[in-house]
Amino acid sequence: MKIIINDLSMVYPNQNRALDCVSFEISEGLFGLLGPNGAGKSTLMRILVTLMKPTSGAVQIDGFDLQKNRKEIRAMLGYLPQDFSTFPKIKTWEFLDYSARLAGISNKKERIKRIDELLERVGLFDSREKLANKLSGGMKRRVGIAQALISDPKILIVDEPTTGLDPEERIRFRNLLTDMSKGERIIILSTHIVGDISSTCQDMALLNKGKLAFNGAPKELIEMAKEYTFQLEVDDNALQKIKQEYIVISTVPIASGWQVDIVAKKVMGFKAKQIEPNLEHAYVCFMELLN
Ligand code: ADP
């Protein structure tokens, strides 16, 4: 199964160009869509889940055309929107039962089996009697994943799912997505958090101001940053100069002053060693130095 995005553009009525001739393909597994706020990620997600029509261009999903075969495509999709919420005064299992009815699972036995299975998979079985809107942020998001998976969709789209989660829940949520992507499913993870992508996705696209800036494996992006990533050890005075002259990724206090990671085309006037970049170095390098 494949999603083929071809020359997709979206211009809002106020003339905001949110997507500008974007083309790439998405295969089975966990796919990361990365970009800063305003890059066009949500617009692309909304188009893919058929909530919005693009101004021009085409999308094919598993051989179906997004414009012509909306019904077939909707049947393949599960969606966890950025602003997902449950209702007040409804228990976790009741919310999922409601979602299952909406998804057309009319047989009660089948519904209960499916809900129990999903509660188990997202680690919420013991919380099934709790009020859904009283759960923690991370648990609510896991309810969101369970409802998005209720009809066992071939494609799962999640929009900024780790925003606002504490580090432990964030890691748990990423692991859950990796687990869910096994088999023949496509999961698209849209995020502005580099760490969400580095630890999970085999393939990614980078959007910037509505344009496709990069498409490939995270390690290819890292490869491109190799010659531009440096580390220096400096005192307070030098640190101020470096901050003015270079793009600083991190500063860590050490006995002699500061250990500073920067991305730069060339370092002059300071002793710097080249270091192995990580995806965060590569992302900043690509967005701020090479673009
Ligand atoms: P992201 O999800 O990457 O933050 P969005 O798709 O939300 O990006 O936004 C892309 C661009 O489109 C931004 O410049 C944003 O202001 C604009 N935009 C988003 N939604 C609308 C809308 N409904 N009307 C006009 N402009 C919009």
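Student: Which helix contributes the largest share of the shell around the ligand?

Tutor: This is a predicted model, in which local features need pLDDT of at least 70, side-chain atom pairs count only at pLDDT 80 or more, and totals for chains, interfaces and linings use all residues. Residues are numbered from 1 along each chain as its sequence is written, and side-chain values use heavy atoms, with hydrogens and water left out. Helices (H or I, at least four residues) and strands (E, at least two) are DSSP runs, numbered from the N terminus. Three residues, the largest share of the shell around the ligand, come from helix 1 (residues 41–48).

Student: How do the residues of the shell around the ligand divide into nonpolar, polar and charged?

Tutor: A residue is near a molecule or strand if one of its heavy atoms lies within 4 Å of it; around the ligand these residues are Y12, N14, N16, A18, P36, N37, G38, A39, G40, K41, S42 and T43. Ala, Val, Leu, Ile, Met, Phe, Trp, Tyr, Cys and Pro count as nonpolar, Asp, Glu, Lys and Arg as charged, and the others, Gly among them, as polar. The shell therefore divides into four nonpolar, seven polar and one charged.

Student: What percentage of the ligand's accessible area does the protein cover?

Tutor: A polar contact is a pair of N or O atoms within 3.5 Å; within protein, one must be able to donate a hydrogen and the other to accept it, and residues adjacent in sequence count only if both atoms are side-chain atoms. A polar side-chain atom of N16 lies 2.9 Å from a nitrogen atom of the ligand, while a polar side-chain atom of K41 lies 2.8 Å from an oxygen atom of the ligand, and a backbone N or O atom of G40 lies 3.0 Å from an oxygen atom of the ligand. Of the 560 Å² of accessible area that the ligand has on its own (Shrake-Rupley method, 1.4 Å probe; for residues, only the protein chains shown count as cover), the protein covers 65%.

Student: Is S190 buried or exposed?

Tutor: S190 is placed in strand 8 (residues 186–191). Buried means under 20% relative accessible area, exposed over 50%, and partly exposed in between (1.4 Å probe, protein chains only). The relative accessible area of S190 is 0%, so S190 is buried.

Student: With which side chain does the side chain of S190 make a polar contact?

Tutor: Contact means heavy atoms within 4.5 Å. Leaving aside neighbours within four places in sequence, S190 is in contact with L33, K41, M45, V158, D159, E160 and P161. The polar contact of the S190 side chain, at 3.2 Å, is with the side chain of D159.

Student: Why is strand 8 largely enclosed by the rest of the structure?

Tutor: In a regular strand the side chains alternate between the two faces of the sheet. On one side of strand 8 lie I186, I188 and S190, on the other I187, L189 and T191, and all are buried. Strand 8 is largely enclosed because its buried residues number six of the six.

Student: Which residue stands opposite S190?

Tutor: Two strands pair if DSSP finds at least two bridges between them. Strand 7 (residues 155–159) pairs with strand 8 in the parallel sense over five bridges, and I157 stands opposite I188. Strand 3 (residues 29–34) also runs parallel to strand 8, joined by six bridges. Opposite S190 stands L33.

Student: Which strands stand at the edges of the open sheet?

Tutor: Four strands form this open sheet in the order 2-1-4-5, with antiparallel pairing. Each edge strand has a single partner, so one side of each is left without a neighbour in the sheet: these are strand 2 (17–27) and strand 5 (64–65).

Student: What phi does Q15 take in the hairpin of strand 1 and strand 2?

Tutor: Strand 1 (residues 2–11) and strand 2 pair in the antiparallel sense over seven bridges, and the hairpin has five residues between the strands. Q15 is exposed, with a relative accessible area of 62%. Most residues other than glycine have a negative phi, and most peptide bonds are trans. Q15, although not a glycine, has a positive phi of about 75 degrees.
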